[in-house]
Amino acid sequence: MPGDVRRKWRPGLWAVILVVLGLVLCLPIAGLLLFRFYANQLVQQTEDSLLMQAAVLSATYEHLYRDATGLPPVQPMPEGERAFSPLFPTVTMNPNAVLPPRPDARPATEAIGAPYAEIAPLLSRIALSAQEQSLAGYRILDRFGTVIAGSAEEGVYLGHIEEVALALNGDTVSVPRTRIRDAPEPLIYGLSRGTRVRIFVAMPAMVGDDIIGVVYISRTPNHIFRFLYSERANLASAALFVLISTGLIGFVFWRFISRPIHALIRRTDSFGGPESHEVASDHFGTREIESLAQSFEAMANRLQQQQANLKTYTAHVSHEMKSPLTSIKGAAELLRDADMPADQRERFLDNIDRDSTRMEELLDRMREYSSVGQKAAGGASSLSNVISAADAAHPGLKVRLLSPDIRIPLSAEAMSIVMKHLLENSEAHGAATVQVRAGKTEDGIWITLADDGSGISPGNRDRIFEPFFTSRRSSGGTGMGLSIVQSILSQTGGAIRLEKGDEGATFRLDFGK
């Protein structure tokens, strides 16, 4: 690779796994950081509680006022005629909806009337008793906006406050206001906006259609941390579960993905080395990785076999080339003699032509052998078509298919090469007819080719698939035909063997599934 080409950065597998595990761990943390929705629910729960309390106090205020003024008590309506007008929470934690802190009270400008003064002590006792449980602040105002009873600020004027003024006009109002703390807020409370506001509810108290006053209640919402503290045991269990789950996810990644891939990388790096046999290859995490490893094993075996065969082939070619090259070189030197008789010159030229032809044959076989893998890869062919083409290419032979046509799991080009070498071998042994049969078993497809030639001698039967072994060297045989056939079939998981027979030669070709 050129020195100025920079390798693109890619993360390692463990880096990806750690990022995934980090994201898994961040999920509960993100849940804690994104709990403002729940904090908003707590605010609305507080508002709902204040509205209910205000409704009860408003009804109590009305009944006490009627008794103090001598008005007749409210008669309950029949159940079928009662009109319900429920109030629902409306406060949100939208920053634009939060009002500034509540304005300070002002001195009262109107004296408290006699009916209010009479009922004020009882209302104050009710408010103080309720405050002990609800922690809310209660202010009960007359129709002029003066506080007549409650838990604080009695005798002051609050009619200038926005929500109180609206309630004096007959509206029930709920507002969030910024809370003023007496002490600095703990840092962790900054995660919840509910701790920085106070909810105010102002509800008019009415006798008939007349407004007699306002019930004004306020309270700080429950904050999320009180809830989390109350659920600390469950949160601890959830955190432990998340940690255990993260650890299990990491273990699964390591055991079924990272470890097998790294083992495969080590085996790839050691391929062809002296210690390649020591690398374990049976720890596969998933079916896909197992399939990948098996494909690599098959590819490595094929490459190793091709490498060994290529070394052997190169050595044989070098050896086989020496004889014709030496002969050509010697003949060329002798042909320089101008006084050489014509018949001797013709003999030397014939030798050069014969040796050149043999070198061409060796080179053709070399190219054919080196391209075996490409020709055998993939594809399928029809046996009848291959037989028809082979019969036409070998007019001296009668090639007969004695079985129904069958699909061969080998490309047409590769199958044609197989048939060419087998039929050339039959022609070289004097055969006139070749009978082809085919079938299919559980192990795959098989083909047999039986000729009526002179056959193969017992002494040569074990060596016919060796590269460059030939009994026809003097007639131009290279000894590579059957070796090429065997190599093509082995590329696809098949095999070839010589069957025993009394006459001619019978070859059986087995193709993998």
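The model is predicted: local features need pLDDT of at least 70, side-chain atom pairs count only at pLDDT 80 or more, and totals for chains, interfaces and linings use all residues. Residues are numbered from 1 along each chain as its sequence is written, and side-chain values use heavy atoms, without hydrogens or water.

A search of the whole structure returned two cavities of 30 Å³ or more. A cavity is a set of points on a 1 Å grid, over the protein atoms alone, where a 1.4 Å probe fits but cannot get out. Its volume is the space filled by probe spheres set on the points, which are joined across faces, edges and corners. The lining of the second largest cavity (residues with an atom within 4 Å of a point) consists of L422, S426, V434, L449, D451, A505 and F507. Five of these residues are nonpolar, one is polar and one is charged. Helix 11 (412-428) and strand 12 (444-451) each supply at least two lining residues. Helices (H or I, at least four residues) and strands (E, at least two) are DSSP runs, numbered from the N terminus.

F507 also belongs to the largest nonpolar core, which has 38 residues. Such a core joins buried Ala, Val, Leu, Ile, Met, Phe, Trp, Tyr and Cys residues through side-chain atoms within 4.5 Å. Buried means under 20% relative accessible area, exposed over 50%, and partly exposed in between, with a 1.4 Å probe and protein chains only. I447, F507 and L509 have the most contacts inside this core. Elements giving two or more residues include helix 10 (383-393), strand 11 (433-441), helix 12 (481-491), strand 13 (495-499) and strand 14 (506-511). Helix 11 gives the most, with seven residues. I447 touches L383, I408, M415, V436, R437, A438, F507, R508, L509 and F511 (heavy atoms within 4.5 Å), not counting residues up to four places away in sequence. A second, separate core has 30 residues, among them A54, L123, I199 and A205.

Most residues other than glycine have a negative phi. L135 has a positive phi of about 60°. L135 lies in the loop between helix 3 (114-134) and strand 2 (137-142). Its relative accessibility is 59%, so L135 counts as exposed. E153 likewise has a positive phi of about 60°. This residue sits in the loop between strand 3 (147-150) and strand 4 (156-157). At 26% relative accessibility, E153 is partly exposed.

Key
1 Å grid on protein atoms, 1.4 Å probe; cavity = no way out; pocket = protein on both sides within 12 Å on 5 of 7 lines; lining within 4 Å. Nonpolar A, V, L, I, M, F, W, Y, C, P; charged D, E, K, R; others polar.
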